[in-house]
Amino acid sequence: MEEQTKISKAHKRWIAREINSGRMTIGEAKERIELHSKNPDGLIKSWIYQYRPEISYTLPVMTEKEKQKLDAAHKHLKELEKQLEDAQMKNIALETMIDIAEEQLKITIRKKSGPKQ
């Protein structure tokens with residue numbers, strides 16, 4: 001129990017999270033923190049059990065159907081972005097045509113906004 005007082009709660013929680021996520025093994029944890037306990041495996045396992053409710057769980061791997069839906073959503077997004085770009089270009093072209101027509105024909109095409117004068 002002496003090792004538990006030397007290691008902070010945050011450090012124990014971090015070790016438990018690393019082991020549960022698979023980024024560290026119990027053996028690597030023992031080497032990293034240099035436990036001099038008679039039962040270091042049991043001590044680390046008790047930390048894992050103790051901090052289990054606090055450990056955030058990772059999302060499961062996406063299924064093939066979910067990947068297909070995601071790909072379809074990305075494709076649809078790209079199509080919508082292309083449509084937006086085309087609409088913006090068309091708007092610029094129409095604005096330019098109106099500007100040229102007003103200048104060359106000396107007529108007012110755009111409606112003035114605001115109250116009538």
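This is a predicted model: local features need pLDDT of at least 70, side-chain atom pairs count only at pLDDT 80 or more; totals for chains, interfaces and linings use all residues.

Colleague: Okay, which residues make the nonpolar surface patch here?

Modeller: Leu-105, Ile-107 and Ile-109 make it, and the patch covers about 280 Å².

Colleague: Where does Ile-107 sit relative to helix H5?

Modeller: Ile-107 is in the segment that comes after helix H5, and that helix spans 64-105.

Colleague: And why does Ile-107 count as partly exposed?

Modeller: Because its relative accessibility is 43%, and partly exposed is the range between under 20% for buried and over 50% for exposed.

Colleague: Changing topic: how many salt bridges does a search of the whole structure find?

Modeller: Five. The general idea is that side chains of opposite charge can pair when their charged atoms come close.

Colleague: Show me one. What does Asp-86 meet in a salt bridge?

Modeller: The side chain of Lys-82, with 3.4 Å from N to O. For a salt bridge, the nitrogen has to be within 4 Å of the carboxyl oxygen, so this pair counts.

Colleague: How are Asp-86 and Lys-82 placed in helix H5?

Modeller: They're four residues apart in that helix, so about one helical turn separates them. As for cover, Asp-86 is partly exposed with a relative accessible area of 37%, and Lys-82 is partly exposed too, at 47%.

Colleague: What about Arg-110, how far apart are its closest N and O atoms with Glu-95?

Modeller: Those atoms are 2.7 Å apart, in a salt bridge. Arg-110 lies in the segment after H5 while Glu-95 is in helix H5, so the pair ties together parts that are 15 residues apart in sequence.

Colleague: And what is the distance for Arg-110 with Asp-99?

Modeller: For that salt bridge, the closest N and O atoms are 2.7 Å apart. Asp-99 is in helix H5 and Arg-110 in the segment after H5, so this pair ties together parts that are 11 residues apart in sequence.

Colleague: Buried, exposed or partly exposed: what is Arg-110?

Modeller: Partly exposed, because its relative accessibility is 29%. Glu-95 counts as partly exposed at 35%, and so does Asp-99 at 40%.

Colleague: Last one: which residues are linked with Arg-110 in a network of salt bridges?

Modeller: Glu-95, Asp-99 and Glu-102 are linked with Arg-110 in that network.

Terms used
Residues are numbered from 1 along each chain as its sequence is written. Side-chain values use heavy atoms; hydrogens and water are left out. Patches are made of residues with over 30% relative accessible area and no salt bridge: like charges are joined within 9 Å, nonpolar side chains (Val, Leu, Ile, Met, Phe, Trp, Tyr) within 5 Å. Accessible areas come from the Shrake-Rupley method with a 1.4 Å probe; for residues, only the protein chains shown count as cover. Helices (H or I, at least four residues) and strands (E, at least two) are DSSP runs, numbered from the N terminus. Buried means under 20% relative accessible area, exposed over 50%, partly exposed in between (1.4 Å probe, protein chains only).
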